[in-house]
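I opened the notebook to record what I looked up in this structure, entry by entry. I began with the chain as a whole and then turned to a single helix.

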Amino acid sequence: MPKKTTPAETWNYEATVATVEGIIADLESGSLPLAAVLSQFEQAVQALQQCETYLHEKQQQVDLLIETLTDS
């Protein structure tokens, strides 16, 4: 039986950044209707929040590793 993947297992930082970059390009083009602009902006904010959380977690891991090395 195949293993189910959770959103955390399929989420990818680089892909999320690329998505945000694409949204920014769309917004800068000025060709979207206002409703689409607001929707795209909301999607970008959510994606950036995910990235910020991911980077914060990774920074905590790095800090812990450094602390472990300096305690030795």
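The entries below follow the order in which I went through the model.

Entry 1, the chain. I noted at the outset that this is a predicted model. I counted three helices and zero strands in the chain, and reading from the N terminus on I wrote the order of elements down as α-α-α. I then looked up burial and found that, of the 72 residues of the chain, 8% count as buried.

I took helix α2 as residues 13-29, which makes 17 residues, and I found that the helix reaches 25 Å from its first C-alpha to its last, close to the 24 Å expected at 1.5 Å a residue.

Which residues of α2 are buried? I listed Thr16, Val20 and Ile23. Seen down the axis of α2, these buried residues fall within an arc of 60°, so they line one face of the helix. On the other side of α2 I found Glu14, Glu21 and Glu28, which are exposed. When I asked what covers the buried residues of α2, I noted that the cover includes α3 (34-71).

Just after α2, I read a positive phi of about 75° for Gly30.

Definitions and conventions. Residues are numbered from 1 along each chain as its sequence is written. This is a predicted model: local features need pLDDT of at least 70, side-chain atom pairs count only at pLDDT 80 or more; totals for chains, interfaces and linings use all residues. Side-chain values use heavy atoms; hydrogens and water are left out. Helices (H or I, at least four residues) and strands (E, at least two) are DSSP runs, numbered from the N terminus. The expected span of a helix is 1.5 Å times one less than its number of residues. Buried means under 20% relative accessible area, exposed over 50%, partly exposed in between (1.4 Å probe, protein chains only). The arc is that of the directions from the helix axis to the C-beta atoms. Contact means heavy atoms within 4.5 Å.
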